[in-house]
Each structure stands twice: as structure tokens, then as C-alpha cells.
Amino acid sequence: MVRYAALKGLYDLEKTIGSGGFAKVKLATHIATGEKVAIKIMDKISLGDDLPRVKLEVQALKTLLHQHICRLYQVIETDGHYFMVIEYCSGGELFDHIVEKNRLSETESRKFFRQIVSAVAYLHSLGYAHRDLKPENVLLDREENLKLIDFGLCAKPKNGIDSHLQTSCGSPTYAAPELILGKKYLGSEVDIWSMGVLLYALLCGFLPFDDNSIENLYRKILSGKYAEPSWLSTSSKRLIRAMLQIDPKKRITIQELCNHPWITAGFLNPVSFVHKTNFEKDDDVLSTMSAICGEHASDIWRKLVKSDRTDYRTATYLLLLDRKLRGLSLRISSSA
Ligand SMILES: COc1cc(O)cc(Nc2ccc(C(=O)Nc3ccccc3)c(OCCC[NH3+])c2)c1
């Protein structure tokens, strides 16, 4: 197991739970609290010109505080690496959840999909687009609440969410027609298309557009034609059709989506993207921390509020808060 000096005494690295282009994600333990975290490790050399993307993602994640967006606890930068200490989603990938159940019922699909819509509506309200929405980037926490991950491709266009983007990114299977045609596109519109693919996967258990050959896959996406299995309700077929519109201008908007009859069926209210930032002052957590580091609780809180919210103190506070919210003891071991 490779040891990193920057993590010594703070985190114990365990197995690898994900690996992508220039990053790998390892399970780890925050030693002082015993809490599990995920640590995304990026090697600066193999990052190359993608280095600015890391800063963009970290900047975005500092702003994006939402119950269905995976939480960034701490960022550690050394000469050779970036380490992102991230919320551990012990429920694993939504994708595996769908596969093991073959497909989800309309009620269960609606529960998950409302959470995705809430997170994406919140993202868009702050001028961000995810641009890589796919089942592998939708995880579940221990209570089977949904968490969006991997904002490495997220964009915040300079002149707001309604200004055009050009970079082609994301995975072709979930990519909107305008994106694979290399046209200028709106991040918000491509996210709606990808959510349409996600909803289809939830309700059907397979993908609307799939083919081993990339040309056939593109042809299918550009045709906008997909199977409508017999078990789909009329309302769900209407919603999927509204999201998988080839012409982005005809595609349903995120606001219309929050109020769509299929989304609100069985619920009292439309999807709201009001988010909770769990960064309230908690005296039990602060006194636990002050018992260990000897600083006054008020000083710890003052430094926390003033900090850039991604240092070790922030990570320890948030992990202790999470333990308290789960009714666990606030034991903390000094990293002796
Ligand atoms: C903001 O959240 C982010 C940003 C980012 O750039 C990367 C990630 N990546 C993560 C985070 C957590 C997990 C995880 O907890 N996975 C897991 C846990 C238990 C069982 C199975 C998986 C993660 O998993 C990697 C595989 C996901 N496709 C990636 C989060």
C-alpha cells in the first residue's frame, strides 16, 4: 500500500473503490473520529493540462452544499498530488442497485429521481451544469439517500448558465445530440437529456440508446428513437419523451421538470431545490474538539467560519457532526 506523508496521522488509506483517467478513489478512515471517507488521489504529472479542472471542481464543491450532492470535507495539496477527502457513500452506485433489482418500481424511481432533480435544479440555480450525469456518478448513502458525485466536468460558464459551452465531454451513452454533434450547447439542456437517460434506466433497467459500435450509438441518439416497454405508464412515457427531445429548445426545462405531474404524483409539493447547509454551530462537537486540541470552542468555531472550509479542522467538525446526527458517541482519539 503506497503511503503518502501528507495523510500520515490523519487518514488511514484502505482499498481502491474507483479509478478513472487521472484519479483513483480509495476508501479511508479519518483516524481521530474513526469515520469512513473516500479520498480521491490525483497525481499532478498525469493531470497535465487538466490541472485547472481540479481547482474548478474544488471551487464548485465549496459552494455546492446540498443534501444530494456528495460533500467535500478537505483538500490537501502537495508538490506531487491533490487529495480530495470526500463523503463516503456506503450504499454504492445507484446503477448496481438497479441491476440487482432488474428495474425499479415507479414509486422507487420517483423517490430517487426527485432527489436527482432537486440536486440538479440547485446546481443550475447557482449557474453550474454537471455535464457528466450517469448512473455511475449517482451514489447512495447508508440511508439510501442519493448523492451526486464527480464534478470534474462541471462548468460554470462565465456569463451564466444560459451562455453556450463548446467542450465535448461526458460519456457518449448519456450525451445529448447537440453535444455529440459538437454544436454549441447549454449545460442546463444537456443535463436534462442525461437525466432523461437516467430516468429511463431507473424505470426500464436498461439504456434507451446502447450499442457496442460508437457510430451506431450516435445514430440511435441522433434518431431520438428508443423502445417504450409495456410496463411504462403513460405519464412516465410523456416525461421521458419531454426530456429526450433531440431539439434542445423543445426539451423540458428544469423548472417545468420540478412541477411535472409524474414528479409530483403522490407528493404534496413540487421538487424544491432549497438546500440545507449542515454548517450550523454545534456546541457538543465544538467542546469535543476543544477537549482534544486545547483551544476554546469559540476560537475553534471562529476559525472554522473564517476558513476556506476544506481544511482538517473542517473535516473533523463535519465528521463529528455527522456522527452526532446519527446518534453515535462523539469519541475522538488524539492522533498520537
Ligand atoms: C463531490 O463528490 C465527488 C467528487 C469527485 O470528484 C469524485 C467523487 N468520487 C467518489 C466519492 C465517493 C465514492 C464512494 O463512496 N464509493 C463507494 C462507497 C461504497 C461502496 C461503493 C462505492 C466513490 O466511489 C467510486 C466509484 C463510484 N463510481 C467516488 C465524489
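A: Begin with burial: a residue is buried under 20% relative accessible area, exposed over 50%, and partly exposed in between, with a 1.4 Å probe and protein chains only. Accessible areas come from the Shrake-Rupley method with that 1.4 Å probe, and for residues only the protein chains shown count as cover. R309 has 32% relative accessibility, so R309 counts as partly exposed. This is a predicted model, in which local features need pLDDT of at least 70, side-chain atom pairs count only at pLDDT 80 or more, and totals for chains, interfaces and linings use all residues. Residues are numbered from 1 along each chain as its sequence is written, and side-chain values use heavy atoms, with hydrogens and water left out.

Q: Where does R309 lie?

A: Helices (H or I, at least four residues) and strands (E, at least two) are DSSP runs, numbered from the N terminus. R309 lies in the loop between α12 (297-306) and α13 (312-325). Its phi is positive, about 60°, although R309 is not a glycine. D150, in the loop between β8 (146-148) and α5 (177-180), also has a positive phi, near 60°, and is a residue other than glycine. D150 counts as partly exposed because its relative accessibility is 33%.

Q: Which residues are closest to the ligand?

A: A residue is near a molecule if one of its heavy atoms lies within 4 Å of it. Here 19 residues surround the ligand, and the closest are K40, E57, C89, E93 and E136. Nonpolar residues are Ala, Val, Leu, Ile, Met, Phe, Trp, Tyr, Cys and Pro; charged ones are Asp, Glu, Lys and Arg; the others, Gly among them, are polar. By that scheme the shell has 10 nonpolar, 3 polar and 6 charged residues.

Q: What is a polar contact?

A: It is a pair of N or O atoms within 3.5 Å; within protein, one must be able to donate a hydrogen and the other to accept it, and residues adjacent in sequence count only if both atoms are side-chain atoms. At the ligand, an N or O atom in the side chain of K40 is 2.6 Å from a ligand oxygen atom. On its own the ligand has 650 Å² of accessible area, and the protein covers 88% of that. Elements that give two or more residues to the shell around the ligand are β1 (11-19), β3 (35-43), α2 (51-63), β5 (81-87) and β6 (92-93).

Q: Which side chains are joined by a polar contact within the protein?

A: T29 is in strand β2 (residues 23-30) and counts as buried because its relative accessibility is 13%. Another pair is D282 and K324, with a side-chain polar contact of 2.8 Å. D282 is in the loop between α10 (261-264) and α11 (283-293); its relative accessible area is 11%, so D282 is buried.

Q: How many residues along the chain lie between C258 and S118, and what separates their C-alpha atoms?

A: Sequence separation and spatial separation are read as two numbers. C258 and S118 are 140 residues apart along the chain, and their C-alpha atoms are separated by 7.8 Å. C258 is in helix α9 (residues 254-258) and is buried because its relative accessibility is 2%.
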